[in-house]
Amino acid sequence: RTGDLARFIGDGNIEIIGRRDTQVKLNGLRLEVKEVETAILNSGEVVHAAVRLLNIDSQQRLVAWIVLPEVIEYPVRVLEDRYMAVIQTRVNNIEN
């Protein structure tokens, strides 16, 4: 029911091995990775998106890889700002 995957190991303990879904916890919020990917795709500017929770410099970060339909020369900062707004809107909807 929780979405966690586990197994019994030889000594009788339970080993947690992952999740059945793509839910992650970031800053106390549970996020469905597929929903964030869908929000990015719904922007209309992205043809593929992959989102993962990574540990970078001892901090959890939600990271998105995107594929644009054509080569566009945007400074990285412009892309970060544009898609962070999409992700932040999704997070705000979860919080409310």
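Strands β3 and β4 form a hairpin with two residues between them. Strands here are DSSP runs (E, at least two residues), numbered from the N terminus. In the turn, Asn-27 has a positive phi of about 50 degrees. The model is predicted: local features need pLDDT of at least 70, side-chain atom pairs count only at pLDDT 80 or more, and totals for chains, interfaces and linings use all residues. Residues are numbered from 1 along each chain as its sequence is written, and side-chain values use heavy atoms, with hydrogens and water left out.

Strand β3 covers residues 23-26, and β4 covers residues 29-32. The two run antiparallel and are joined by four bridges; strands pair if DSSP finds at least two bridges between them. Leu-26 stands opposite Leu-29 of β4. Val-24 and Leu-26 make up the covered face of β3. Gln-23 and Lys-25 make up its uncovered face.

A second hairpin is formed by β5 and β6, again with two residues between the strands. Asp-57 in this turn has a positive phi of about 50 degrees. Strand β5 spans residues 48-56 and β6 spans residues 59-67. Nine bridges pair them in the antiparallel sense. Leu-53 faces Leu-62 of β6 as its opposite residue.

Strand β1 (residues 4-8) contains Phe-8. Phe-8 counts as exposed because its relative accessibility is 66%, where exposed means over 50%, buried under 20% and partly exposed in between (1.4 Å probe, protein chains only).
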